[in-house]
Amino acid sequence: MRSAFLFSCALLAATAAFAETRVDVRDVVHHPFSTDFAAGHRLRLHVRSGEIRIVGTNENRITVELSGRKAYDAGDVRVRMTEKDGDAVLRITGGHRDEITTTIRIPRQTDLFARIPFGDVSVENVEGSKDIELHAGDMTIGVGNPSDYSHVDASVNTGDLDGRPFGESKEGFFRSFRKQGDGKYRLHAHVGAGDLTLR
């Protein structure tokens, strides 16, 4: 009897450990996406092409909003999030790319991983490690205090690389730089074709 009880407890613990929270919004225009997400965790973003703004806030929430002249016609934009053990994966798909701005608000203290195919991307007020890549377009990342980082690597295949907070500025083909420091965060930023600005 005792062994059966212990087995049941272990099974319940295992089920809780593997439990996931899923949120799926299929029409962001009429049903804005908003969900709780605690600061200090990791967030992986896989985002549709277009104008993308990622903004850190003081709220323990993630929100996704569409704006711009054609936002009203973007009812097929879909947002899906899976959260497990505090960390989350957020995917934004669908819709056309022109004249729509996608704004993603996240807790200021978040370790951020983001992959975006094409567009203009800005990241503001996010304190944490950052691993961000854009296939083509322009990307601007607010890095805050340069001394907060233990490792920095930034690169472009074709375009301008402006890393003035770290004393770097380059242009042309296959430009990059690396820095080591004493901070607690890591920064990886890459643009395939376009300009990368760290400020």
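**Exercises on the largest pocket and its setting**

The largest pocket has a volume of about 250 Å³, a volume being the space filled by probe spheres set on grid points joined across faces, edges and corners. A pocket is, on a 1 Å grid over the protein atoms alone, an open set of points where a 1.4 Å probe fits, with protein on both sides within 12 Å along at least five of seven lines; lining residues have an atom within 4 Å of a point. The model is predicted, with local features needing pLDDT of at least 70 and side-chain atom pairs pLDDT 80 or more, while totals for chains, interfaces and linings use all residues. Residues are numbered from 1 along each chain, and side-chain values use heavy atoms, without hydrogens and water.

**Exercise 1.** Describe the lining of the largest pocket.

Step 1. The lining has 17 residues; Arg42, Leu112, Phe113, Ser129 and Asp131 lie nearest the pocket centre.

Step 2. By class, the lining holds eight charged, six nonpolar and three polar residues. Asp, Glu, Lys and Arg count as charged, Ala, Val, Leu, Ile, Met, Phe, Trp, Tyr, Cys and Pro as nonpolar, and the others as polar.

Step 3. At least two lining residues come from each of β3 (42–47), β7 (87–93), β9 (111–124), β10 (130–141), β11 (149–163) and β13 (185–193).

**Exercise 2.** State which secondary structure elements the protein has, and how much of it is buried.

Step 1. There are 14 strands and one helix, taken as DSSP runs (E, at least two residues; H or I, at least four).

Step 2. Of the 199 residues, 41% count as buried, meaning under 20% relative accessible area with a 1.4 Å probe.

Methods. Buried < 20%, exposed > 50% of the residue type's maximum accessible area, 1.4 Å probe, protein only.
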